[in-house]
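Please look over the structure shown below before reading the notes on its helix packing, salt bridges and surface.

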Amino acid sequence: MALIECVPNISEGRRTEIVDAAVEAVQATPGVTFLDRTSDPAHNRSVLTFAGDAAALKAAVLALFAVAIPAI
């Protein structure tokens, strides 16, 4: 199994409820280890860092998209 790190940036750094929901979606994905979250309100950006195998990361990214796209 290859371990892959994923570091997506989302265009939300001010509304913590949206960032929290994005983090929860990633954390709920089996096989993914959530590593870090950083938000910058001045630039309205958040960076999430997580790792896992390719299949788990694909599922986590799709879960993240499902939360972020309608909300941002």
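**Helix packing**

Helix α1 (residues 16-27) packs against α2 at an angle of about 160°, the two axes lying 8 Å apart, where axes are lines fitted to C-alpha atoms, for helices over the stretch in contact, and angles run from 0 to 180 degrees between N-to-C directions. This is a predicted model, in which local features need pLDDT of at least 70 and side-chain atom pairs count only at pLDDT 80 or more, while totals for chains, interfaces and linings use all residues. Residues are numbered from 1 along each chain as its sequence is written, and side-chain values use heavy atoms, with hydrogens and water left out.

- The helices α1 and α2 are therefore roughly antiparallel to each other (an angle over 145 degrees).

**Salt bridges**

- Two salt bridges are found in a search of the whole structure (a side-chain nitrogen of Lys or Arg within 4 Å of a carboxyl oxygen of Asp or Glu).
- One of them joins the side chains of R37 and D20 at 2.6 Å, N to O, and this pair links distant parts of the chain, with R37 in strand β3 (residues 32-40) and D20 in helix α1, 17 residues apart.
- The side chains of R15 and E12 also meet in a salt bridge, at 2.8 Å from N to O; E12 is buried at 3% relative accessible area, whereas R15 is partly exposed at 35% (buried means under 20%, exposed over 50%, partly exposed in between, with a 1.4 Å probe and protein chains only).

**Surface**

- I69, found in helix α2 (residues 54-71), is exposed, with a relative accessible area of 60%.

Definitions and conventions: Helix = DSSP H or I, 4+ residues; strand = E, 2+ residues; numbered from the N terminus. Parallel < 35°, antiparallel > 145°, perpendicular 65-115°, else oblique.
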